[in-house]
Amino acid sequence: MGRPPSTFPAAEPRAPVPYTAALMGSDPGPDTRAGTLTPVPAAATRSLRIAIVAANTFEHDSRLLRTGRALAADGHRVTLLAFAAPGLPDREDLGGGLEVRRLAVDRRVTAAFAPLPSPARRAAARLLGFPPDATSLPPSAPRGLDRLRAPLRRAVEIAAHQRRVGPWRDRVLAAVPDADVYHCKALVALPVVAGAAARAGARHAYDLADLHTEAARLARMPAIVRAVVRRRERGWVRRAALLAAVSPGVAREAARRFGVPEPVVVLNCPPAWRPDDLDPPSSDRIRSVAGIPPERPVILYQGGFSVDRGIEELVQALDEPPLRDLGAAGVFLGYGRLRDWLLAEAARRPRSLVVLDAVPPSELLEWTASADLGYVGQPGRTLNQRLNLANKLFESIMAGVPVLVADGTEHCRLVSAEGLGACAPIEPRALARVAAGLLSRPAEERTAMRRHCRSVALARYTWEHQQAGLVDAYRRLAEAVARGTSPAPWPGPEGGRSSGRAGGSSGSLPRDAHLEAEQRP
């Protein structure tokens with residue numbers, strides 16, 4: 001399933017291939033290998049003051065970091081606003097006119113119990129079965145009588161999110177009161193930036209990195225709860241002055257769901273890495289740290305350790321005969337709610353499972369390049385997972401590492417069209433069989449596959465290419481601010497005229513039947 005060909009031709013400049021040709025129209029655009037940047041129009045005459053609001057501590061958010069750097073490089077004054085946390089500085093100068101400020105916002109779930117005194121809040125948390133200082137609910141599934149408390153815990157967590165909006169918004173305004181645009185990519189931050197913009201007489205921008213009501217635990221909430229959240233999201237989206245999306249499928253669904261022009265598509269690609277060297281980079285970072293000998297293949301999962309990413313299934317797949325007989329090692333490089341579970345599983349499988357701490361984005365691809373296969377996972381259990389495109393896919397191929405993705409998803413569609421690896425059901429036996437098939441190929445075929453992945457990545461999937469549409473959209477927004485026009489809703493890419501290019505619009509990517517059916521409510 002999704003088996004790549006035995007030989008892989010080098011990606012030719014401007015040669016359309018099934019996925020990118022459909023995405024960008026008849027012309028796939030300029031080759032971005034060797035550091036060639038996609039041209040964008042001349043810079044706007046006015047510099048914007050932009051506040052980017054992150055719903056995290058800004059330690060691993062590569063998309064917002066790239067966004068901030070792209071806009072700062074284009075002459076805008078950009079401040080990234082994140083959550084404060086122990087051990088992190090309140091301010092960081094990232095260079096190039098980009099600054100991070102961390103705001104003291106109470107993120108504890110027990111904030112829902114205010115104005116009760118602290119002892120009462122802690123007692124209520126223990127009664128409901130979560131740690132009093134938790135900022136999110138534990139990932140473990142409820143068992144036995146605890147199932148009765150689980151809906152109450154979730155209701156408390158939602159109430160905490162709602163109560164946090166006002167204080168968070170006020171701290172954003174205190175940090176950057178003069179912003180022209182307040183920008184976010186998380187649904188929980190959307191009412192914050194919308195409220196800040198309304199109070200400051202400014203505009204807000206929304207980057208749909210996910211279809212949030214169709215993702216993770218929110219996708220499993222009762223339909224009436226999701227409908228209420230979606231209705232509120234629709235109002236904020238329709239007032240946004242700029243909309244971006246992480247994939248063509250997400251852009252189309254956002255336009256259909258919210259009744260807005262399609263957002264500009266900005267694929268989650270890394271910057272061109274070592275663009276003057278087209279051969280797959282050589283690295284032994286993972287093997288040297290984890291003590292894995294050269295003859296044992298490495299399967300790498302990198303990123304957030306969250307439920308519904310296919311992590312549990314990959315762990316089980318390592319015990320299946322095809323991978324066990326190969327001596328394959330599964331390496332999990334990252335952070336998140338499943339970390340403790342992964343560490344416990346690694347203790348049971350010390351030879352086949354390794355858990356490593358997340359590394360800075362600037363170092364990540366050196367680690368990625370030391371893997372033999374990148375595991376993207378992302379089983380298509382929710383609409384968001386079926387339509388999204390994860391950054392780990394693009395990071396893997398930039399490092400010259402083929403990928404294993406879930407079938408029936410946009411990931412599978414891209415990987416199959418470009419010959420970047422294989423698709424499989426996210427089920428232990430199937431994963432083991434397909435992964436072993438890729439890893440057991442002759443050395444010359446695996447080398448050719450790595451070279452092909454890197455060639456395609458440098459030709460078509462770089463941040464330098466993708467940022468062009470976002471930068472251009474902000475330039476048009478700057479022109480509107482310079483003219484003194486009142487804030488207006490997003491007019492669409494190219495001011496409502498489709499550009500037909502990746503990074504410029506979502507284009508005319510045809511819908512596969514299985515994805516088309518899933519987009520209907």
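This is a predicted model: local features need pLDDT of at least 70, side-chain atom pairs count only at pLDDT 80 or more; totals for chains, interfaces and linings use all residues.
Good morning. I begin with C453, which counts as buried because its relative accessibility is 0%; buried means under 20% relative accessible area, exposed over 50%, and partly exposed in between, with a 1.4 Å probe and protein chains only. C269 is likewise buried, with a relative accessible area of 0%.

Residues are numbered from 1 along each chain as its sequence is written, and side-chain values use heavy atoms, leaving out hydrogens and water.

Let me turn to the whole protein. Of its 521 residues, 57% count as buried. The protein has 19 helices and 14 strands; these are DSSP runs, numbered from the N terminus, with helices being H or I of at least four residues and strands being E of at least two. Among contacts (heavy atoms within 4.5 Å) between residues at least 6 apart in sequence, 70% join residues at least 24 apart.

Which cysteines does a disulfide join? A disulfide is taken here as a pair of cysteine sulfur atoms within 2.5 Å, and by this rule the count comes to one. The disulfide joins C412 to C423, with an S to S distance of 2.2 Å. The link of C412 and C423 is right-handed, with 105° about the S-S bond. C412 lies in helix 15 (residues 410–418) and C423 in strand 14 (residues 421–424), so the pair ties together parts that are eleven residues apart in sequence. C412 counts as buried at 12% relative accessibility, and C423 counts as buried at 0%.

My last topic is strand 4. Five of the six residues of strand 4 (residues 98–103) are buried, so this strand is largely enclosed by the rest of the structure. What runs parallel to strand 4? Strand 2 (residues 77–83) does, and six bridges join the two; strands pair if DSSP finds at least two bridges between them.

Strand 3 (residues 91–95) pairs with strand 4 in the antiparallel sense, over four bridges. R91 has R101 as its bridge partner in strand 4. Strand 3 and strand 4 form a hairpin with two residues between them, and G96 in the turn has a positive phi of about 65°.

Thank you for your attention.
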